[in-house]
Amino acid sequence: MTSHSISAAASGTWKLGDRTVHRIGFGAMRLPQHGEAFAPNAVPRDRDQAVGVLRRAVELGVNHIDTAAFYFSPLRSANELISRALSPYPDDLVITTKVGPGRDPAGSWLPHATPEQLRGQVEENLRQLGRDHLDVVNLRIVGTDSLAERFGALAELRDAGLIRHLGLSNVRPHHLAEAQAIAPVVCVQNMYGIGASPEQEEFLRICGEQRVAFVPFYSIAGSGREAGASTADSSEVHAIARARGVSTAQVRLAWTLHQGPHVLAIPGTGDPDHLAQNVAAGSLSLSGDELAVLDSLHHETA
């Protein structure tokens, strides 16, 4: 597990609609800056470093990148870094973006997009990425209200050829049912990791039954969320990491992937060494005893 050449292919594959991706991907949220994502005083990441990390991810077999037009810091935009680093894009690369939230040029959050505003958000992602269509677009929402009008607007853009596949983010099971009645859903992107709520565990199971990919965010960071992982991992996680000669982040990622073949991981980093470790976690097969310890911890902290 110390190798810097383990491929994302070791994590296995899943199909997002008609696109096959490795189960270890890359999340671009924290790529534009150092430290916490969306912090108003964030220090922009060195452009060459960010570009290098993206290119190295692809070299390591990553073919699923998660991004959004609202992932930016002063001077840096995740989408434009992706375009600079990877365009012309490899044929097997799937770029997933999300719409709904928005930020003004100063970085302040705007009200979530109305159905009429979603087309503009889709077109902005197309422009920044230099694409004529988007592989997967997730509708991200807040709350429990109906998403039918907003998802219906995206379904129309799918029918128009601007979007290939649709997904959901930060949703509940009733949202998935509501969306599926309008158009196919290929993925659900929700917060999940060791200690996630029983409701999310049940939702993960529902997605598996429906052959919908479940794509956790914050599977490493946990309660650290946008700020990233803390060093406060439990003794159980540390013990398994020491015994295996890996990091606690790798243990968390491996446990997440063990939750089902439909579970995809999208850890993000701007550090080349952490990138290689994240990708290598896809090859870490936890034993039954290790899984039992981590499962117990998961249910204790949920």
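Colleague: With which side chain does the side chain of His298 make a polar contact?

Modeller: This is a predicted model. His298 belongs to helix α10, residues 288-301. Its neighbours beyond four places in sequence include Tyr192, Gly193, Trp255 and Glu201. The side-chain polar contact, at 3.3 Å, is with Glu201.

Colleague: Is His298 buried or exposed?

Modeller: A residue counts as buried under 20% relative accessible area. The relative accessible area of His298 is 0%, so His298 is buried.

Colleague: Which elements do the buried residues of α8 pack against?

Modeller: Helix α8 covers residues 248-257, and nine of its ten residues are buried. Among them are Val251, Leu253, Trp255 and Leu257. These buried residues of α8 pack against α7 (235-244), α9 (272-280) and α10.

Colleague: How are α3 and α4 oriented to each other, parallel, perpendicular or oblique?

Modeller: Helix α3 (residues 118-129) and helix α4 (residues 148-159) pack at about 50 degrees, and their axes are 10 Å apart. Roughly parallel needs an angle under 35 degrees, and roughly perpendicular needs 65 to 115. The two helices α3 and α4 are therefore oblique.

Colleague: Which residues of α3 and α4 make the contact?

Modeller: The crossing of α3 past α4 is right-handed. On the α3 side the contact is made by Leu118, Arg119 and Val122, and on the α4 side by Arg150, Ala153, Leu154 and Leu157.

Colleague: How many residues are in the largest nonpolar core?

Modeller: Nonpolar side chains tend to be buried together in soluble globular proteins. Here the residues with the most contacts inside the largest core are Phe26, Ile82, Val122, Phe151, Leu154 and Leu168. Another core lies apart from it, with eleven residues that include Leu16, Val21, Val186 and Val215. The residue count of the largest nonpolar core is 85.

Colleague: Which residues does Leu168 touch, leaving out those up to four places away in sequence?

Modeller: Leu168 is one of the residues with the most contacts inside the largest core. Its contacts are Asn138, Leu139, Leu147, Phe151, His175, Leu176, Ala179, Val185, Cys187, Val188 and Gln189.

Colleague: How far apart in space are Ile95 and Val137, C-alpha to C-alpha?

Modeller: Ile95 lies in strand β9 and counts as buried at 3% relative accessibility. Ile95 touches Ile65, Thr67, Ile82, Tyr89, Leu129, Arg131, Asp135 and Val136, not counting residues up to four places away in sequence. Ile95 and Val137 are 42 residues apart in sequence, and their C-alpha to C-alpha distance is 8.8 Å.

Colleague: Is the peptide bond from Ser87 to Pro88 cis or trans?

Modeller: Pro88 sits in the loop between α2 (78-86) and β9 (94-99). Omega of the bond from Ser87 to Pro88 is near 0 degrees, and the bond is cis.

Colleague: What is phi of Phe38?

Modeller: Phe38 is in the loop between β4 (33-34) and β5 (43-44). Its relative accessibility is 16%, so Phe38 counts as buried. Phe38 is not a glycine, yet its phi is positive, at about 70 degrees.

Colleague: Is Asn170 buried, partly exposed or exposed?

Modeller: Asn170 is found in the loop between β13 (163-169) and α5 (173-180). Phi of Asn170 is also positive, near 65 degrees, in a residue other than glycine. With a relative accessible area of 29%, Asn170 is partly exposed.

Notes
Residues are numbered from 1 along each chain as its sequence is written. This is a predicted model: local features need pLDDT of at least 70, side-chain atom pairs count only at pLDDT 80 or more; totals for chains, interfaces and linings use all residues. Side-chain values use heavy atoms; hydrogens and water are left out. A nonpolar core is a set of buried Ala, Val, Leu, Ile, Met, Phe, Trp, Tyr and Cys residues joined through side-chain atoms within 4.5 Å. Buried means under 20% relative accessible area, exposed over 50%, partly exposed in between (1.4 Å probe, protein chains only). Contact means heavy atoms within 4.5 Å. Helices (H or I, at least four residues) and strands (E, at least two) are DSSP runs, numbered from the N terminus. A polar contact is a pair of N or O atoms within 3.5 Å; within protein, one must be able to donate a hydrogen and the other to accept it, and residues adjacent in sequence count only if both atoms are side-chain atoms. Axes are lines fitted to C-alpha atoms, for helices over the stretch in contact, and angles run from 0 to 180 degrees between N-to-C directions. Angles under 35 degrees count as roughly parallel, over 145 as roughly antiparallel, 65 to 115 as roughly perpendicular and the rest as oblique. A crossing is left-handed if the near helix is turned anticlockwise from the far one by less than a right angle, and right-handed if clockwise.
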